[in-house]
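I'm opening the notebook on a new structure today. My plan is to pick a residue, look up its surroundings, and then step back to the fold around it.

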Amino acid sequence: MNGHLIDRIDSHEGKIINKYMNKTEVIHDSGLKREYFHDGYSVIYFENGDVKQTYPDGRNVYLFCE
């Protein structure tokens, strides 16, 4: 659950930035989506279905769609 949308910015570079209570979400016009959580955790959703997770301690987990 994202919570309530606090702010939305449509940038000139073709991306949308949504700010929620617990995270910031950046959606690129290419379909790439990034989520940055306030605790340091982040997730990238790639156009091909792959997902990359980065944890506050620096660990990276890459999940392949195929």
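Entry 1. I looked up side-chain polar contacts, and found one of 3.0 Å between Tyr 62 and Asp 50. I'm keeping in mind that this is a predicted model.

Entry 2. What else does Tyr 62 touch, leaving out residues up to four places away in sequence? Besides Asp 50, I got Phe 46, Val 51 and Lys 52.

Entry 3. Is Tyr 62 buried, exposed or something in between? Its relative accessible area is 35%, and because buried means under 20% and exposed means over 50%, I wrote down "partly exposed" for Tyr 62.

Entry 4. I also checked a distance to Thr 24, which is 38 residues from Tyr 62 along the chain. The C-alpha atoms of these two are separated by 20 Å.

Entry 5. Where does Tyr 62 sit? I found it in strand β7, which covers residues 60-63.

Entry 6. Next I followed β7 out into its sheet. The sheet is open and has seven strands, in the order β1-β2-β3-β4-β5-β6-β7, with antiparallel pairing. From one strand to the next, the twist averages 10°.

Entry 7. How many bridges link β1 and β2? I noted five, with β1 running antiparallel to β2 (residues 15-20). One bridge I looked up pairs Asp 7 with Lys 19 in β2.

How values were computed
Residues numbered from 1 in each chain as written. Predicted model: local features only at pLDDT ≥ 70, side-chain atom pairs only at ≥ 80, totals over all residues. Heavy atoms only, no water. Helix = DSSP H or I, 4+ residues; strand = E, 2+ residues; numbered from the N terminus. Buried < 20%, exposed > 50% of the residue type's maximum accessible area, 1.4 Å probe, protein only. Contact = heavy atoms within 4.5 Å. Polar contact = N/O pair within 3.5 Å; in protein donor to acceptor, adjacent residues only side chain to side chain. Pairing = 2+ DSSP bridges. Axes fitted to C-alpha atoms, helices over the stretch in contact; angles between N-to-C directions.
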